[in-house]
Amino acid sequence: MLSYIFRRLLSAIPTLFVIVTIAFFLIRLAPGGPFDLERPLEAKVMENLNRIYQLDRPLIEQYWLYLSAVLKGDFGPSFYLRDFSVAELFARGLPVSMTLGSLALTLAVLVGGTLGAIAALRQNSGIDYLVTGLGALGLTIPNFVVAPIFQIVFGLALAVLPIAGWNNGSPANLVMPVLVLALPQIAVVARMTRAAMIENLRSNHIRTLRSLGLPSLTIVKHALRGAALPVVSYLGPAAAALLTGSVVVETIFGLPGVGRYFVEGALNRDYTLVMGTVVVVAVFVLLFNLVVDILYAIIDPRIRYD
Amino acid sequence: MAQPVLAVRNLHVRFRTGDGTLHAVKGIDIDVNAGETVAIVGESGSGKSQTMMSVMGLLASNGWAEGSVKYRGEELVGLSPNKLNHYRGSKLTMIFQEPMTSLDPLYKIGDQLALPLTTHGGLNKARARKRAIELLELVRIPDPERRIDSYPHEMSGGQRQRVMIAMALANNPDVLIADEPTTALDVTVQAKILELLSDLQKRLGMSIVFITHDLGIVRRFADRTYVMKRGEVVESGKTGDIFAAPKHPYTQMLIDAEPTGRKEPVPAGAPMVLEAKDVQVTFGLKKSFFGKAGHVLRAVDGVSLSVRAGETVGVVGESGSGKSTLGRAILRLQPASGMVRFEDRNLMPLDRGGMRPLRRHLQLVFQDPFGSLSPRMTSGEIVTEGLLVHEPSISRKERDRRAAQAFEEVRLDPAWRNRFPHEFSGGQRQRIAIARAMILHPKLVVLDEPTSALDRSVQKEIVELLRELQKAHGLAYVFISHDLAVVRALSDEIMVMKTGKVVERGTAEQIFDRPKEDYTRDLIAAAFLTENAKAEARSLAS
């Protein structure tokens with residue numbers, strides 16, 4: 001197993017290299033540059049800026065410069081937020097986004113998993129219809145609708161929670177953004193758990209457990225473990241997406257996470273920030289895919305990597 | 001007479017379905033006395049399994065039972081699952097038809113074996129493990145102390161069924177219900193599992209309820225027998241009496257359903273249709289990173305065979321012996337090496353296009369009459385599809401006429417050719433599959449377990465049909481089957497295959513009356529469970 005993990009980590013290196021390369025040239029294809037403002041800068045200033053940031057060199061040379069810097073762990077200065085390096089921006093924003101994301105993910109697994117399991121055990125009952133109905137709602141109502149409604153209800157009308165802001169991650173400030181992030185995930189996890197549980201409860205090995213007169217708790221435990229496989233494979237990419245921040249939620253709740261860097265970086269042609277975001281997201285995706293594969297092997301003994 | 005351990009009275013089982021209520025079991029009475037073996041026989045759909053499922057409270061969620069099932073005087077029908085758990089797994093236990101999927105693939109068998117012990121027996125983990133090892137020993141799993149930490153996928157079907165039996169016996173039950181426990185297993189494994197069951201019964205003194213379609217098992221093991229048809233018990237009594245003098249025509253029909261007769265020999269001058277020499281099929285199981293061939297599996301290892309017009313070559317062997325692969329290889333449906341000659345043409349150098357005009361002469365009928373017909377085409381379209389390729393010039397009307405003709409030939413009502421496959425029974429579908437082959441007037445038909453998925457009585461009809469078609473058209477058959485009774489009834493020559501090789505070959509008489517190899521003898525002995533019983537029954541009846 002350890003050698004498998006090691007091999008997987010090794011194979012991530014060429015993958016990352018390809019991603020970085022493609023991203024580097026793609027963003028350069030976009031018209032304009034980081035210093036093109038609405039009111040154009042003087043030619044001399046522009047020239048100086050380009051020279052300072054080495055944007056006057058041939059593209060392929062810039063690529064080499066960037067690659068060698070990244071290998072040393074230097075993601076360069078942000079072109080737009082000029083007082084910060086990209087590393088600094090992530091060092092500040094990533095903990096915010098990861099806190100929100102991991103809380104939302106935990107909530108999704110616990111609440112979604114429980115609801116899905118209950119719905120499956122009481123198939124075609126009132127509870128089942130309620131769960132599937134709420135699941136459909138959670139999936140279809142977009143977060144930019146849910147978030148303002150929460151703000152109006154809990155922030156203004158009931159005035160029990162702060163409307164927005166980070167406030168050093170105080171629990172009251174976390175409640176609404178985490179909920180908004182978690183709702184669609186709860187819906188998906190509940191639906192997947194329900195479907196997988198129903199299939200499992202009908203399987204022959206569950207029939208065996210029933211025939212042996214085992215308590216329902218044992219039967220649920222066995223069915224849940226079997227049902228976990230498809231849910232886990234969904235949660236990998238979902239975790240990567242949640243932990244790297246959400247533009248909408250962070251903007252609406254005024255949170256200093258990294259989600260907005262995707263959009264801001266791209267709009268401002270902040271080349272280094274875009275590249276930094278790409279690398280961070282790619283690392284998360286690769287990492288969580290590995291985690292999923294490891295979890296798979298832990299849950300299902302038929303899967304062996306050697 | 002003492003009170004029965006299990007008394008079923010006026011039991012009804014119904015299922016709510018899309019087309020209304022299905023009345024699967026219609027008021028039946030069954031008694032199981034202490035220590036006796038009771039068989040419930042019937043064909044698929046007779047309600048024999050559902051009867052016992054309802055005893056165990058295992059009906060599907062759309063099904064329910066009415067009437068009375070008493071275990072030692074205590075009513076079980078209508079009990080909540082929790083109350084029923086007092087009996088299930090301790091007093092009443094069950095093993096199932098599907099040993100491959102009846103164990104949880106995610107848990108070690110030791111952990112699964114411990115469940116009934118800790119739940120009902122009140123053992124702690126350490127003692128449950130010790131008892132689990134004893135149980136594995138009891139069901140004759142070799143090296144139980146190591147095997148207890150195996151996962152189900154690391155065991156064969158037979159071993160898994162042994163583990164199921166061990167679980168069922170964990171708490172010394174009064175009644176063990178065995179629902180077709182050996183149907184999914186190879187014949188030789190079947191015999192061993194049955195032997196184990198009867199031995200355990202002698203040692204532990206429990207009652208066994210055998211649900212089966214196999215009269216051989218009934219004759220050999222059951223003290224009393226209930227014959228079920230369409231949800232009703234049509235006949236019951238001592239097994240010997242039922243076999244000696246069946247009262248109900250349905251019972252008589254079940255007993256008679258064994259394929260009988262022998263193949264008439266082929267005239268000496270019959271032309272050679274297909275000749276294969278030294279056929280080899282290999283599968284590379286795993287290739288290493290550098291493309292080095294890893295382990296190679298020889299599925300078919302140097303097999304030769306020849307079939308003349310009107311002749312049948314039977315290929316028998318257990319699953320995994322390579323018999324189906326051989327069938328596909330001689331039709332060039334499977335890459336293989338060696339030589340295959342059809343009439344006077346060597347098939348090996350031909351590519352797909354080169355084979356195409358010859359395909360009409362070389363047809364194949366599969367085991368699974370449900371999976372091998374496209375559900376979206378009418379049966380008529382299915383049957384005539386080959387004509388579109390091989391006789392593209394004929395008109396739609398002519399094709400339809402030929403379809404009607406082909407339907408008649410396989411004894412199906414030609415008016416049914418507009419129906420879809422799901423509107424036919426298993427036996428009728430197999431007739432459609434045969435019609436699809438016959439419409440092209442083939443010279444050779446490879447029949448790959450064509451009767452294995454069918455009930456015995458339907459099997460017999462299909463065997464008769466195949467016989468008639470062979471006689472009428474001088475067809476050459478390669479008949480692949482694990483069912484020795486059918487093979488004996490149809491074949492001139494029989495090849496016994498094991499791990500890709502032919503271990504013995506000869507005429508039907510040579511193979512059955514004077515087998516040389518132990519493996520052949522095992523196969524026959526296992527099948528003789530059925531055979532002996534039939535012979536005895538016939539001698540009793542006459």
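1. In this predicted model, helix 6 of chain B passes helix 7 of chain B in a right-handed crossing. The residues that make this contact are Gly157(B), Gly158(B), Gln161(B), Arg162(B), Ile165(B) and Leu169(B) on the side of helix 6 of chain B, and Val189(B), Lys192(B), Ile193(B), Leu196(B), Leu197(B), Leu200(B) and Leu204(B) on the side of helix 7 of chain B. Sorted by class, the contact of these two helices holds eight nonpolar, three polar and two charged residues.

2. As to the geometry of that pair, helix 6 of chain B spans residues 157-169 and helix 7 of chain B spans residues 187-204, and the two pack at an angle of about 15 degrees with their axes 10 Å apart. Because angles under 35 degrees count as roughly parallel, helix 6 of chain B is roughly parallel to helix 7 of chain B.

3. The crossing of helix 13 and helix 14 of chain B is right-handed. From helix 13 of chain B, the residues Gly380(B), Val383(B), Thr384(B) and Leu387(B) meet Arg399(B), Asp400(B), Arg402(B), Ala403(B) and Ala406(B) of helix 14 of chain B. Four nonpolar, two polar and three charged residues make up this contact of helix 13 with helix 14 of chain B.

4. Where does Ala453(B) lie in chain B? Ala453(B) is placed in the loop between strand 17 (444-448) and helix 16 (456-473) of chain B. Ala453(B) counts as partly exposed, because it has 19 C-beta neighbours inside 10 Å, whereas a buried residue would need 20 or more. Setting aside residues up to four places away in sequence, Ala453(B) touches Gln367(B), Asp368(B), Pro369(B) and Gly426(B). Val77(B), by contrast, is 376 residues away from Ala453(B) along the chain, and their C-alpha atoms are separated by 33 Å.

5. For chain B, UniProt lists residues 8-255 and 274-524 under "domain: ABC transporter", in an unreviewed entry. In the model, residues 8-255 of chain B are 38% helix and 27% strand, with the end C-alpha atoms of that span 26 Å apart.

6. Turning to the contact between the chains, chain B gives 25 residues and chain A gives 19 residues. On the side of chain B that touches chain A, strand 6 (92-95) and helix 3 (109-120) of chain B each supply at least two residues, and the largest share, four residues, comes from helix 3 of chain B. The residues of this side of chain B divide into 13 nonpolar, nine polar and three charged.

7. Chain A has twelve helices and zero strands. Of its 306 residues, 33% count as buried, and the C-alpha atoms of chain A fill a box of roughly 85 × 60 × 30 Å along the principal axes. Among the contacts in chain A with a separation of 6 or more, 73% are between residues 24 or more positions apart.

8. The UniProt annotations for chain A also come from an unreviewed entry, which lists residues 94-296 under "domain: ABC transmembrane type-1". That span of chain A is 82% helix and 0% strand in the model, and its end C-alpha atoms lie 28 Å apart. The annotation "transmembrane region" in UniProt covers several stretches of chain A, including residues 133-162 and 231-253. Residues 133-162 of chain A are 77% helix and 0% strand, with end C-alpha atoms 30 Å apart, while for residues 231-253 of chain A the values are 83% helix, 0% strand and 29 Å.

9. Is helix 2 of chain A largely in the open or buried? Helix 2 of chain A (residues 43-52) lies largely in the open, because the number buried among its ten residues is zero. Just after helix 2 of chain A, Gln54(A) takes a positive phi of about 65 degrees.

10. Ile13(A) lies in helix 1 (residues 2-29) of chain A. With 10 other C-beta atoms within 10 Å, Ile13(A) is exposed. Between Ile13(A) and Ala30(A), which are 17 residues apart in sequence, the C-alpha to C-alpha distance is 27 Å.

Terms used. Residues are numbered from 1 along each chain as its sequence is written. Chains are lettered from A and ligands numbered from 1 in the order in which they are written. This is a predicted model: local features need pLDDT of at least 70, side-chain atom pairs count only at pLDDT 80 or more; totals for chains, interfaces and linings use all residues. A residue is buried if 20 or more other C-beta atoms lie within 10 Å of its own, exposed if 12 or fewer, and partly exposed in between; C-beta atoms are placed from the backbone. Axes are lines fitted to C-alpha atoms, for helices over the stretch in contact, and angles run from 0 to 180 degrees between N-to-C directions. Angles under 35 degrees count as roughly parallel, over 145 as roughly antiparallel, 65 to 115 as roughly perpendicular and the rest as oblique. A crossing is left-handed if the near helix is turned anticlockwise from the far one by less than a right angle, and right-handed if clockwise. Two residues are in contact if their C-beta atoms, placed from the backbone, lie within 7 Å. Ala, Val, Leu, Ile, Met, Phe, Trp, Tyr, Cys and Pro count as nonpolar, Asp, Glu, Lys and Arg as charged, and the others, Gly among them, as polar. UniProt positions are given in the numbering used here, feature names are shortened, and annotations may be inferred rather than shown by experiment.
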